Amino acid sequence: MKRNWNAWLWAGFGLTLVAAFSYMFLFIWFPITRDVPWVTLLLFIAAGWLLAVGLKRAYGQPERYRGKVSGVVLSVLSLAIIGLFCYGTLVLTKDIPASADAPRAGQHAPEFTLPDAGGKPVALSELLKTHKGALLIFYRGYW
Amino acid sequence: MAISVDSNEESRKLSASQGYTFPFLSDAKAEVIRQYGVLHAHAGENGRDIARPAEFLVDATGTIRWVNLTDDVRVRARPENALRVIDELTLASAR
């Protein structure tokens, strides 16, 4: 008897790819799905479940389902992708200096003058003469 | 105001694409970034020094009223966070 194609395994691997790429290209744009990547993690869990069912079929009913080898390969690849994602979000993006020397609330803001995007110099003290305050946003930039 | 090591041209592109109307200041040598203690050494392209994400709220007297130093570059102060802090400080000073 011809053994059935084990679609669960491929669906699980596909969903792993979808989860990883949807974070990079979609969910990263929304703070609610970026800061804690809960959508991505749920998708990974669903992918893991699909792979587990697929493996169970491949090894439990080998006479009916294929996938003993492809199941292991796809599962290892999926785990590697999930591992990379976790490494990126739990380790790499937290790798920033503590900035213990940064001025604290209550201290005087260091004075500075920098050119704006039009090249015009902007001095903090001058700006505060005409504004109620200033929010300084330091960001990594696009280089 | 937004501050980074980006060039004026890069900042113009960014604010035009996002429709931002607040000033973007270019600190190409990361001098002010160092002054504020928020340097992330060698973290940019080709090991260039850049700023770590950080927000400082300064009042009209030049006093810092609020500081936000994230521990994850993916997690920044959201506009509504900053606006809430500004509202609270305004209310507190009006009392």
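Modeller: The domain bounds used here come from an automatic or database domain assignment, and the model we discuss is a predicted one.

Biologist: What separates the centres of domain 1 and domain 2 of chain B?

Modeller: Chain B is divided into domain 1, which covers residues 1–52, and domain 2, which covers residues 53–95. Taken over C-alpha atoms, the distance between the centres of these two domains of chain B is 19 Å.

Biologist: Where in chain B is confidence highest?

Modeller: Chain B has a mean pLDDT of 92, with 98% of its residues at 70 or more. Its lowest confidence falls in helix α3 (residues 79–94) of chain B, with a mean of 85, whereas the highest, at 97, belongs to α2(B).

Biologist: And which ipTM does the predictor give the complex?

Modeller: The predictor reports two values for the complex, of which the pTM is 0.85. The other value, the ipTM that you ask about, is 0.92.

Biologist: Turning to chain A, is it spread out or compact, and what is its radius of gyration?

Modeller: Chain A has five helices and three strands, which follow the pattern α-α-α-α-β-β-α-β along the sequence. For its 143 residues the globule rule gives 15 Å, and the computed value is well over that, so chain A is more spread out than a compact globule. Along the principal axes, its C-alpha atoms fill a box of roughly 85 × 30 × 25 Å. The radius of gyration of chain A is 25 Å.

Biologist: What percentage of the residues in chain A is buried?

Modeller: Among the contacts in chain A with a separation of 6 or more, 59% come from residues 24 or more positions apart. Of the 143 residues in chain A, the buried ones make up 25%.

Biologist: Is Trp8(A) buried or exposed, and why?

Modeller: Trp8(A) sits in helix α1 (residues 7–25) of chain A, and beyond its neighbours within four places in sequence it is in contact with Leu50(A), Val53(A), Gly54(A) and Arg57(A). Burial needs 20 or more other C-beta atoms within 10 Å. Because Trp8(A) has 22 C-beta neighbours inside 10 Å, it counts as buried.

Biologist: What distance separates the C-alpha atoms of Trp8(A) and Arg104(A)?

Modeller: These two residues of chain A, Trp8(A) and Arg104(A), lie 96 residues apart along the chain.

Biologist: How many residues does chain B bring to the contact with chain A?

Modeller: Chain A brings 40 residues to this contact, and chain B brings 52. On the side of chain B, the elements that give two or more residues are β1 (2–4), α1 (8–18), β2 (24–26), α2 (31–35), β4 (50–51), β5 (54–59) and β6 (64–69) of chain B. The residues on that side divide into 27 nonpolar, 11 polar and 14 charged. The number you ask for is therefore 52.

Biologist: Which strand joins β3(A) over six bridges?

Modeller: Strand β3 (residues 133–138) of chain A pairs with β1(B) in the parallel sense over two bridges, and there Phe138(A) stands opposite Ile3(B). The pairing over six bridges runs antiparallel, with Gly133(A) opposite Asp59(B). The partner strand in that pairing is β5(B).

Biologist: In the hairpin that β5(B) and β6(B) form, which residue in the turn has a positive phi?

Modeller: β5(B) is mostly covered, with five of its six residues buried, and it is joined to β6(B) by five bridges in an antiparallel run. Leu57(B) stands opposite Trp66(B) in this pair. Four residues lie between the two strands of the hairpin, and the one in the turn with a positive phi, of about 90°, is Gly62(B).

Biologist: Is Ala30(B) buried or exposed?

Modeller: Ala30(B) lies in the loop between β2 and α2 of chain B, and it has a positive phi of about 60° although it is not a glycine. Because 21 other C-beta atoms lie within 10 Å of Ala30(B), it is buried.

Biologist: Then is His42(B) buried or exposed?

Modeller: His42(B) is not a glycine either, yet it has a positive phi of about 60°, and its place is in the loop between β3 (39–40) and β4 of chain B. The cut-off for this class is 12 or fewer. With 10 C-beta neighbours inside 10 Å, His42(B) therefore counts as exposed.

Terms used
Residues numbered from 1 in each chain as written. Chains lettered and ligands numbered in written order. Predicted model: local features only at pLDDT ≥ 70, side-chain atom pairs only at ≥ 80, totals over all residues. Contact = placed C-beta atoms within 7 Å. Nonpolar A, V, L, I, M, F, W, Y, C, P; charged D, E, K, R; others polar. Pairing = 2+ DSSP bridges. pLDDT = per-residue confidence, 0-100. Rg over C-alpha atoms; globule rule 2.2 N^0.38 Å.
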